[in-house]
Amino acid sequence: MRRSVLLVTTLLAFAATTPATAAPPRPAGAVPAATPVQVYGAWHCGNDYCTWGSVRPVAEFDSQNHWLVDRGDGRPSVNLVVLSFVNPLALLRQTTDAATLDGVPRGMTSEIVQYFTTRGVRVMLSIGGITYTDDWDAALAENPTLLGQRAAAVATRLGVGIEIDYEQNTDPNLAGLQSFIDAYRAVHPYDATGARPQARLTIDVAAGDRWLIDLNRKATADWLRTDTPVLDYANAMVAARPVSAGTAQESWQEHVDGKPQYSPPVPPLAPAKFTGGVYIAYGGRPLPECVDYATSVQRAAAPYVQSVAPNGAGVTAGMLGFMFWAAERPSTRGIGTVPPNTCEAGTGAGASALSVPVPMPALRQS
């Protein structure tokens, strides 16, 4: 099964095309202090459009991805890589076939994980993605507790965290997802220090609050609280296509504000409990986000990301940081981030400009 950027994000068009409420203006003269960026990561689709279906020699992998671990001065361009995607139904059933071994794509090997972790870059596996929405439904209906246990076992074996990417917009199985999370947390309890990679458990939500509404409401109300946290944080995913910094900020502000007008309402989310998604690869020409930090979305959005004030949840200003979609070959159409279109001058320069810490520190909790 192959995955393209267009397929990954088609349904997210709601978040890009529906008018959003602009962020409230700051009082005249107010200059909020910038909160350091803590998460600066890339989803990674491998060389086969998010399938990861074959084992790759580390030297060959490095030839296509060296920019991730070297921004030009020996320091990594990111502090997190999320290998995308694991099929939840294959994981539950421990499928072994030409592209999968015991439920995990064959290309997600310990050697690839160590390629990053030995350089201080945290690694996670993403379970799901829009291609596997029906498989998430099937796995949660079949045995969500066992799925959580098997995800925890993979995290233990590889020394990685797990991202939940369940993109069911209509009647998601929230009870099943709760059982998955409970089973995972029974093995790897929440760890505010971040010292144990396996304890890092996150979730993806839409760019704003107008898609994946039920999932977002549940996650915000029950799993992303600052007083009783269950998940570490959420990623506000990219919209259907690249957008301006202003449009992205409007969507992110929806998470900060919540949707009190919805029935039932969506509560506000603490800025310290989510990241914002930005494209680094889309179509047939390089994006500034990859090759020119000076004109990039992340540069333009950085003041907002580092200073957005809580509005009903949390006490500290600023989001956790940025996530980039997506490294190497996220689409069957497009140039991706492989040579000569690598991202040292965009993402890597941003890591320098924003003083991104490598390795990732303990995250703000409120």
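Predicted model: local features only at pLDDT ≥ 70, side-chain atom pairs only at ≥ 80, totals over all residues.
A cavity is a set of grid points where a 1.4 Å probe fits but cannot get out.

**Entry 1: confidence.** The mean pLDDT of the protein is 92, and 91% of the residues reach 70 or more. I then turned to residues 1–31, where pLDDT stays under 50. For this stretch I noted 73 contacts beyond four places in sequence.

**Entry 2: cavities.** I asked how many cavities of 30 Å³ or more the structure holds. There are two.

**Entry 3: the lining.** I listed the residues that line the second largest cavity: Tyr190, Arg200, Asp232, Ala272, Lys273, Leu320, Leu363, Arg364 and Gln365. By class, this lining divides into four nonpolar residues, one polar residue and four charged residues.

**Entry 4: threonine 118.** I next located threonine 118, which is found in the loop between helix 5 (110–117) and strand 5 (122–128).

**Entry 5: surroundings of threonine 118.** I found a polar atom of the threonine 118 side chain 2.6 Å from the backbone oxygen of glutamine 114. I also checked valine 69, which is 49 residues from threonine 118 in sequence. From C-alpha to C-alpha, threonine 118 and valine 69 are 10.0 Å apart in space.

How values were computed. Residues numbered from 1 in each chain as written. Heavy atoms only, no water. 1 Å grid on protein atoms, 1.4 Å probe; cavity = no way out; pocket = protein on both sides within 12 Å on 5 of 7 lines; lining within 4 Å. Points joined across faces, edges and corners; volume = space filled by probe spheres on them. Nonpolar A, V, L, I, M, F, W, Y, C, P; charged D, E, K, R; others polar. pLDDT = per-residue confidence, 0-100. Contact = heavy atoms within 4.5 Å. Helix = DSSP H or I, 4+ residues; strand = E, 2+ residues; numbered from the N terminus. Polar contact = N/O pair within 3.5 Å; in protein donor to acceptor, adjacent residues only side chain to side chain.
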